[in-house]
Amino acid sequence: GKGNRSQAGDHTMLHDAATAALLLLSAFTVGTDGRLQHKPSCARIRSFAGTPSRMFRAARREGFARLYAAAPEGARGKRNEASRKQLGNDGFSAASKQRKKTRQKQISQQEYKGEAVELGNKGYTRVAKLGDFEEKQKEVVPVILGVNAYAVFRHDGELFLTDASAPPFKFPLSDATVSKDPQGRVVVEEPLTGSIFDLRTGENLAWCPNGNGGFNPVKSIFQAIKKDDTPEPIATYPLLVAENGEIWGQLP
């Protein structure tokens, strides 16, 4: 046991001595007068060269990095190769990309909060998001806000916000048909009586029309009840779409 430790100590001393010798040799250069001169960059090693122990410590501190940098690629290739494997084709590691993604998400959240505060100050309320149309696979999205109900319509990429029900019976528009009439107006047909409204202005364009879409005995009964009433418009509201796809409406 002692012999092995002694041999290990001898190997360590030889390694340190060899390293220190290499450093000392690298610390000198031949001047124009043929004499050895200290390199200015090796001043720290020269200051520790007073005793062997200090020389060895200087070797550890200063020499290993210099020797590593001067070593051939094959001598330090394994570590470099491992580092390269962690990088993507763009030169960034997965951890670096994740940190960047997190920072971008935080920035987006801060921007959203600022935009939401600004819209709220202007009297807008969040009513839906664009993804709701794909989720429901319909061109109308019902919205419930407290005791009030609204409907967001989409047609050819254009959005409209109205009350959730329409005259003359305040029938829900969740299953209403949205289309474009011959004049190019986007209209909605109230399912119970077939009354038609302009989604941009809310104006009533047809009030309890007879025979709209063919004869329907149930629809005919409700049309007969209200056909002599004064036509009423449907309430519409301004809306806008935020950068994150949320739909905001200016509600009363």
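Author: Start with one pair of residues. This is a predicted model, and in it His-155 has Glu-158 of β6 as its bridge partner.

Reader: How many bridges join β5 to β6, and in which direction do the strands run?

Author: Strands of a sheet pair through backbone hydrogen bonds, either parallel or antiparallel. Here β5 and β6 (residues 158-163) run antiparallel, joined by six bridges.

Reader: Which strands form the sheet, and in what order?

Author: The sheet is open and has four strands, ordered β4-β5-β6-β13, with antiparallel pairing. At its edges are β4 (140-145) and β13 (236-237), each of which pairs on one side only.

Reader: Now the nonpolar cores. Which residues of the largest one touch the most other members?

Author: That core has 13 residues, and those touching the most other members are Phe-153, Leu-173, Val-178, Val-188 and Leu-199. Two elements, β5 (148-155) and β10 (186-189), each give two or more residues to this core. Another core, of 12 residues, lies apart from it and includes Val-127, Val-141, Tyr-150 and Leu-251.

Reader: What is Val-178 in contact with, leaving aside neighbours within four places in sequence?

Author: Its contacts are Phe-153, His-155, Val-186, Val-187, Val-188 and Leu-199. His-155 is also the residue bridged to Glu-158.

Reader: Which elements have the lowest and the highest mean pLDDT?

Author: Helix α2 (residues 43-47) has the lowest, 48, and strand β11 (residues 196-198) the highest, 97. Across residues 43-50 the pLDDT is below 50, and the model gives this stretch 13 contacts beyond near neighbours in sequence. For the protein, the mean pLDDT is 75, with 55% of residues at 70 or more.

Definitions and conventions:
Residues numbered from 1 in each chain as written. Predicted model: local features only at pLDDT ≥ 70, side-chain atom pairs only at ≥ 80, totals over all residues. Heavy atoms only, no water. Core = buried A, V, L, I, M, F, W, Y, C linked by side-chain atoms within 4.5 Å. Buried < 20%, exposed > 50% of the residue type's maximum accessible area, 1.4 Å probe, protein only. Contact = heavy atoms within 4.5 Å. Pairing = 2+ DSSP bridges. pLDDT = per-residue confidence, 0-100.
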